[in-house]
Amino acid sequence: MFQIIYEQEGVYIHSSCGKTNDQDSLISGILRVLEKDAEVIVDWRPLDDALDSSSILYAGKDSSSVVEWTQAPKERAHRGSEHLNSYEAEWDMVNTVSFKKKPHTNGDAPSHRNGKSKWSFLFSLTDLKSVKQNKEGMGWSYLVFCLKDDVVLPALHFHQGDSKLLIDSLEKYVVLCESPQDKRTLLVNCQSKSLSQSFENLLDEPAYGLIQKIKKDPYTATMVGFSKVTNYIFDSLRGSDPSTHQRPPSEMADFLSDAIPGLKINQQEEPGFEVITRIDLGERPVVQRREPVSLEEWTKNIDSEGRILNVDNVKQMIFRGGLSHALRKQAWKFLLGYFPWDSTKEERTQLQKQKTDEYFRMKLQWKSVSEEQEKRNSRLRDYRSLIEKDVNRTDRTNKFYEGQDNPGLILLHDILMTYCMYDFDLGYVQGMSDLLSPLLYVMENEVDAFWCFASYMDQMHQNFEEQMQGMKTQLIQLSTLLRLLDSGFCSYLESQDSGYLYFCFRWLLIRFKREFSFLDILRLWEVMWTELPCKNFHLLLCCAILESEKQQIMEKHYGFNEILKHINELSMKIDVEGILCKAEAISLQMAKCKELPQAVCEILGLQDSEVTTPDSDTGEDENAGVTSCPASAFQSNSLPALAASGARADNPTQTPMSPNVSRLTPA
C-alpha cells in the first residue's frame, strides 16, 4: 500500500508559457508525494485524471536510452471503489518520466484520452537532481524539477499556497542545499553536508526519512534518533500484514551495515584477524570498589613544592573509587594531561599563564571575523551554525546549564568556536559538545576547560574523523572481546542480524555520555582516564553492560528491532558502580588466562607474564597473582591488591614513580 506524504490541489502547469491569456492554458492539477516499499514518488496530474490510472505515464527506453512517454495499459487501471489503488499501477515499472517526448519514426505520437493528460508525470525521488525556485516577490511561487538525466519537467505554479511545504516534505527524504552558482537552485544530496547535519528531532519523521538520515549522517542518527529505527521503521516497511511482523529480514541488517560508510565489519578480511575458539577463562574474581579519594588523601601525596608523589598509587586510588567532587577541578587537569604529574605548583602557574594567552589569541581570531568575511568562509560559517544548534540542545538537567541565556551555554559556544581555530581541519562535529559540557561544569573556568577539552580530543579525535576508522576499529575489537567472553551470545546476536554491534555506536562515540546521569559520567570518565587496569578498558565496560542484558535479550527472544530498542532504553538506567566492578573483574579474569588469544592480548595491552603479588618470590603462585597490565597503566602494588579469588593480598610494597613522566618546561 502507498502512503500519501504530501497533497496539494491548485498546482498549475502554464502550458502556454505566457504566450496567451487563454484560461485553458492554465492546467489545474493535484500534486502528491507518495511512499511505498521504501520508495518515494512525486506525482502530478490534471484534476480530471487524478483518479484514473490509465493516464499514469511510466518510463520506457529504447536502444538509444532516450526516455519517451508510454501510456500505461488501460486494462491495468483500477476504477470505482478501488480508485485509491490507482497510484500503485505500474509502480514497479517507474524509473524516470521525461516531459520531453521522443519523436517517433513512423510519425505517430502516443495517444491520450484528452489534451490535458499528456502533462501528467511522476518520478522517483532517487532520480531527482535539483529543484529550481522562483524569485521572491515574482507572482505565484513555482518549482521546476530537473532529473538526473537532465530532463527538465514543466514548472509547477502554486496558486493556492506556498511551495515551502513541499520542500519541507522532500527534505524528510533527501538533503537539499543551495547551489553555489544559483541560490534559487536546490541541489539534492549535497555531499559536503554528510557530516554537517544539525541535530534534528527525528520523532516526527516517517521511517524512510530516518533511514536516509542514518545513511547521510550516522553521528546525528545514532546520537539523536538511532532508537527510532526500532520504533517504526520496520513496521512501516513491512506493511500492515500481521504475518510479516516477525524478526526483521536480513536485508535490514545489510542496510545498517551499509548505512554507516566504512563500518561494515568483515573480520576475515581485517589485518591481524585471529579466529577465536572457545577458551576456559577460569573463575571470575569478585571485585569491590572503595570510597572516592578524599581531599586529605590527595594532600598526603603532594610534596612541599606541589609535585604529586606516588603517581601510580594515586591513579590506583582514583581507579578504585573515583574522586570526591571537591578534588575534580584539580585532579582532572593531571588525568587529562593538561598538567604533568611531576610539575611543581610554580611551574603549573606559569603554564596556565602561557595557555591563557594562547587561548585568547585563538578566541580573538574568530571573534574578529566580520559578517562579510564569514560569508566567504563556508567552513567557519557551518561550524558556527552547528555549534549554536548543539549548544541549544545541551542537557539542562544540571543547574550549570539552566536557562537559554545561561553563561555556561555562552562559554560552551565560545570554547567550541575557539577549538575550531585550534584544529581547523577537524573543526566541529556533532558530539563534541557532549564531551565538553562535563569539563566546563567541573573546571568553572573557560581557559582550563578548553585545554582539558583539547587534551581529551587528542584521545577521541579518531571518533570524529570523516572516515571513522577509529569507530570501525573499536567495533571490531569489541566484537573480538565479546566473542571470547560469550561465543553463544555472539552467535545469537548474529542470528538476529545484530552481530555488527551497531547499537554500541553511541556508547563508543561519546564515551557513554548519553547512557549515564551527569554525575555518574563524571565518575566513569575519571576512572577511565587513569588508563587502568588495562588498555581499552571502555570496551570491557561495553562487554559488562551487554553481559548484564544477555539473559533478558535471549530469554525473551529479542530480534533485531527489539535489541536496538532495548539497548537504547538502558539510557540513565545503568548502575555505574556495578558496571565498573564487572568490567574490572572481566579484565582480571582475562589477564589471568594463560591461553588468551594474541588478538585479545593486543587489544587489552596485556603482557605475556603476570605480575606477582609481593609475597610471591618465585612468581609461581597462580592463586595469588595480580593481573598483568600495559606499562602505560601505572600498575601499582601500593594498595591492597585483589587476588584472583577476590581476597586482598597483605603486606603491599611501594612501587617507584614511573621514570617515563616528563617534566614541564615553561615557555
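How many strands form the open sheet, and in what order do they come? Keep that in mind as you look through these close-ups of a predicted model.

**View 1. The open sheet, strand by strand.** Here's the answer: 9 strands form an open sheet, and the order runs β6-β3-β2-β1-β9-β8-β7-β11-β10. The pairing is antiparallel. At the edges you'll find β6 (121-124) and β10 (176-178), each with a single partner strand, so one side of each is left without a neighbour in the sheet. From one strand to the next, the twist averages 30°. A handy thing to remember while tracing a strand: in a regular strand, side chains alternate between the two faces of the sheet.

**View 2. β2 meets β3.** Let's zoom in on one pair from the sheet. Strand β2 (residues 26-36) runs antiparallel to strand β3 (residues 39-46), and 8 bridges link the two.

**View 3. β11 and its two partners, β7 and β10.** Strand β11 (residues 185-188) pairs with strand β7 (residues 128-133) in the antiparallel sense over 3 bridges. Look for S130, which stands opposite L187 in β11. β10 also pairs with β11 in the antiparallel sense, over 3 bridges. In that pairing, L176 has V188 of β11 as its bridge partner.

**View 4. A salt bridge in helix α1.** Across the whole structure, a search turns up 29 salt bridges. One of them is between D168 and K164, with the closest N and O atoms 3.2 Å apart. Why are these two separated by about one helical turn? It's because they sit 4 residues apart in helix α1 (residues 164-170).

**View 5. Helices α11 and α12 packed together.** Helix α11 (residues 378-392) packs against helix α12 (residues 407-422) at an angle of about 150°, and their axes are 10 Å apart. That angle makes α11 roughly antiparallel to α12. The crossing of this pair is right-handed. On the α11 side, the contact is made by L380, Y383, R384, I387, E388 and V391. From α12 come L409, L412, H413, L416, M417, C420 and M421. Sort the residues of this contact and you get 10 nonpolar, 1 polar and 2 charged.

View 6. Now compare another pair of helices. Helix α16 (residues 487-495) and helix α19 (residues 537-555) pack at an angle of about 55°, their axes being 11 Å apart. That makes α16 oblique to α19. Is the crossing left-handed or right-handed? α16 passes α19 in a left-handed crossing. G488, F489 and Y492 of α16 meet L546, K550, I553 and M554 of α19. The residues of this contact split into 5 nonpolar, 1 polar and 1 charged.

View 7. Some background first: most residues other than glycine have a negative phi, and most peptide bonds are trans. M468 has a phi near 55°, a positive value in a residue other than glycine. You'll find M468 in the loop between α14 (446-464) and α15 (469-485). Next, check the link between L532 and P533: a cis peptide bond, with omega about -5°. P533 lies in the loop between α18 (518-528) and α19.

Note on methods:
Residues numbered from 1 in each chain as written. Predicted model: local features only at pLDDT ≥ 70, side-chain atom pairs only at ≥ 80, totals over all residues. Heavy atoms only, no water. Axes fitted to C-alpha atoms, helices over the stretch in contact; angles between N-to-C directions. Parallel < 35°, antiparallel > 145°, perpendicular 65-115°, else oblique. Left-handed = near helix turned anticlockwise from the far one by under 90°. Contact = heavy atoms within 4.5 Å. Nonpolar A, V, L, I, M, F, W, Y, C, P; charged D, E, K, R; others polar. Pairing = 2+ DSSP bridges. Salt bridge = Lys/Arg side-chain N within 4 Å of Asp/Glu carboxyl O.
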